[in-house]
Amino acid sequence: MSFIDKPSVLLHNGVKIPTLGFRVRRTDKNVYQNILTAIHAGYRHFDVCSDHDVEKTFARACRDSGLKREDFFLTVKIANSDHGFDAARHGFRNSLSRLQTDYADLLLIDWPNPVGFRDTYEETIVATWHALEEIYKSGSARAIGVANYESRHIEYTLDHSEIAPMLNEARIYPGFPFTDNVDCASSHKIQTEGYLPDEDAPILNSRELKIFAEKYKVTPQQICVRYLFEKDCIALVNGSDEKTLAENFNAYNFRLSSDEMKYLDNMKNYGPENINPDEADF
């Protein structure tokens, strides 16, 4: 089994992506300051949610950081309201405008089956992916992929695509290994990128993670990052404390044994249960 032990990997189209990134969420209390804190902590890979205000805030924080656009690996999302061929292209152009950039390093469809398009799922999911393929061919996105797709959505997209997704972003953490998802993506050379749910405190404060953190003299969040690295998954984190965020880079420096990984796979899930993308009310 392969694992991550370096700060970047190559997607199947040859694009280099940092293996540790910062997930910018609309639910954060101070998006602007959190982004600057993450930059100061050493993060250059940013996954930005599909929210107009967040995109504008990210652009302002990057400008105020003094760094150049090319210093960042920027992931942009297609919102649930922008599915379909024309809508996806239009939505992406608007996102680039708000982000004050002319390209995305990675463009993802944020959700496979939004409730607003559920009656036309088969044609809409294909049309949206074809829009991403066209954007990729134009050079406006260096890589394209999907988010929160389960194995059936991945397989369906592959059956109707010219270009295979380069990445699938999914909720994965100790107690919620999402093995079927990871294995499906891996079998098609699609890189998996994992993240914790927004309400992550019960997971990070769990007795199990605290035991592992004490053993390795690290934080529970570092255990979650290393857990993903052991699965050959890129890790996305969130937070507002610069010291804690900086410490996450230490996850490259230790390993979890196969028995420990099995334990973490099978521990209690302190986060939400799986959300079925085909039945969710959004």
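This is a predicted model: local features need pLDDT of at least 70, side-chain atom pairs count only at pLDDT 80 or more; totals for chains, interfaces and linings use all residues.

Modeller: Gladly! L209, F212, A213 and Y216 of helix 8 meet P220, I223 and C224 of helix 9; contact here means heavy atoms within 4.5 Å. Residues are numbered from 1 along each chain as its sequence is written, and side-chain values use heavy atoms, with hydrogens and water left out.

Back to the contact between helix 8 and helix 9: by class, it has 7 nonpolar, no polar and no charged residues. In this scheme Ala, Val, Leu, Ile, Met, Phe, Trp, Tyr, Cys and Pro are nonpolar, Asp, Glu, Lys and Arg are charged, and the others, Gly among them, are polar. The axes of helix 8 and helix 9 lie 8 Å apart, and the two helices pack at an angle of about 90 degrees. The axes are lines fitted to C-alpha atoms, for helices over the stretch in contact, and the angles run from 0 to 180 degrees between N-to-C directions. Helix 8 and helix 9 are therefore roughly perpendicular to each other. As for the wording, under 35 degrees is roughly parallel, over 145 roughly antiparallel, 65 to 115 roughly perpendicular, and the rest oblique.

Now for helix 9 itself, residues 220-230. Of its 11 residues, 10 are buried, so helix 9 is largely enclosed by the rest of the structure. Buried means under 20% relative accessible area, exposed means over 50%, and partly exposed lies in between, with a 1.4 Å probe and protein chains only. The buried set of helix 9 takes in Q221, Q222, I223, C224, V225, R226, Y227, L228, F229 and E230. One of these, Q222, is in contact with E247, which also touches T219, leaving aside neighbours of E247 within four places in sequence. E247 belongs to helix 10, residues 242-247, and counts as partly exposed at 25% relative accessibility. From E247 to A41 the chain runs 206 residues, yet their C-alpha atoms are separated by 8.6 Å.

Following helix 9 comes D232, with a positive phi near 65 degrees. D232 is a residue other than glycine, and its place is the loop between helix 9 and strand 10 (234-237). At 27% relative accessibility, D232 counts as partly exposed.

Helix 8 has another partner to look at. Helix 8 (residues 207-216) packs with helix 11 (residues 258-266) at an angle of about 155 degrees, with the axes 11 Å apart. This pair is therefore roughly antiparallel. Helix 8 and helix 11 make a left-handed crossing, a term for a near helix turned anticlockwise from the far one by less than a right angle, whereas clockwise would be right-handed. E208, L209, F212, K215 and Y216 of helix 8 form the contact with E260, Y263 and L264 of helix 11. By class, this contact has 5 nonpolar, no polar and 3 charged residues.

Which residues of helix 8 are buried? They are E208, L209, F212 and A213. Looking down the axis of helix 8, these buried residues fall within an arc of 130 degrees, so they line one face of the helix; the arc is that of the directions from the helix axis to the C-beta atoms. Their cover includes helix 7 (201-204), helix 9 and helix 11. R207, E214 and K215 are exposed on the other side of helix 8. Just after helix 8, K217 takes a positive phi of about 60 degrees.

Finally, helix 11 from its own side. Its buried residues are E260, M261 and L264. Down the axis of helix 11 they fall within an arc of 100 degrees, so they line one face of this helix. What covers them includes helix 8 and helix 9. On the other side of helix 11, S258, D259, K262 and N266 are exposed.

Note on methods. Helices (H or I, at least four residues) and strands (E, at least two) are DSSP runs, numbered from the N terminus.
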